Amino acid sequence: MAGLEKWGKGPLRGLFRGLLLGLALLGTGCGKMVLYSNVGERQANEMIALLRTRNMAVEKVVGLEGTWSIMVANTDFAAAVDVLGNYGYPQDQFATLGQVFQKSGLVSSPTEERARFMYALSENLAEMISHIAGVVTARVNIVLPDNNPYTDSISPSSAAVFVAYRPGTNIEDAVRDIKYLVTNSIEGLAYDKVSVALFPAPMASEEIVRGNELVNMLSIHMTRSSVLVFWLVLLVVVAATACLSFVGAKLILDYLSVKKEEKQKARAKAAPAEEGEPEGAAGDGDEGN
């Protein structure tokens, strides 16, 4: 028992700590967390398809009022946010004309109605532009001056369009169509009064994209970012196996040593009795003669 306690306090304690570390690493790598919530089903399916083409573990969970939540592995969270942001997901939610001009019991002033109309028109145009291939997000700012009909000075209407596009797409070829789209949607707006500003959206970092490439480790396919966790877990398993083997071998040797000592002591005790037995037997014979 003394030998067991001696070796149990050291190697076994290290063994348990190593196993706990391995389980923690496995739990960190295999756990999932919410990436986005309250997403429409169509957009959720598009996001899942985009992430699965990059070998990411992702799934959707039913949310509230017909929405979905996107779940992704902990190790893929940063890469998923980066990739989806590069493709404009989650997509912006634009207010429709029906939402802006909902019926209300209050009477709106002409100025308020004009501002609401401009906002609804801007949202409608931004939504249309965002559906152009390569566009990540779009914003439209409309200026409709309230000209006084009794004065000779008239300020022309204008519009400014902000477009963030995905690098590598020929969005410059669509600038003319965007200007025509805005011009024909706003009464009295001239073509040369529409400005379109293009800005490239940030690309996913090469480190994150490379980290999600599949590699072959010991005939097991895994992402490159999981290689470190794999080797750490493998090291813990090997260390635990070696520790168990060492402790088991030591316990067996201690057991055999104790048994050997017990046999030697038993023999030592039996030796004097065996040596003294013939003397007693001889003395009895002499007395009889």
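Mentor: Helices (H or I, at least four residues) and strands (E, at least two) are DSSP runs, numbered from the N terminus. Keep in mind that this is a predicted model, where local features need pLDDT of at least 70, side-chain atom pairs count only at pLDDT 80 or more, and totals for chains, interfaces and linings use all residues. Residues are numbered from 1 along each chain as its sequence is written, and side-chain values use heavy atoms, with hydrogens and water left out.

Trainee: Okay, which helix is Ser122 found in?

Mentor: Ser122 sits in helix H5. The helix has 21 residues and reaches 30 Å from first C-alpha to last, close to the expected 30 Å (1.5 Å times one less than the number of residues).

Trainee: Is Ser122 buried or exposed?

Mentor: Buried means under 20% relative accessible area, exposed over 50%, partly exposed in between (1.4 Å probe, protein chains only). Ser122 comes out at 11%, so it's buried. Other buried residues in H5 include Leu121, Leu125 and Ile129.

Trainee: What is Ser122 in contact with, beyond its neighbours within four places in sequence?

Mentor: Contact means heavy atoms within 4.5 Å. By that rule, Ser122 is in contact with Val140 and Ile142, leaving those neighbours aside. Its side chain also reaches the backbone oxygen of Met118 at 2.8 Å.

Trainee: And how many residues does the largest nonpolar core have?

Mentor: Such a core is a set of buried Ala, Val, Leu, Ile, Met, Phe, Trp, Tyr and Cys residues joined through side-chain atoms within 4.5 Å. The largest here has 21 residues, with Ile129, Val161, Val182 and Ile186 making the most contacts inside it. H5 gives the largest share of this core, five residues.

Technical notes:
Polar contact = N/O pair within 3.5 Å; in protein donor to acceptor, adjacent residues only side chain to side chain.
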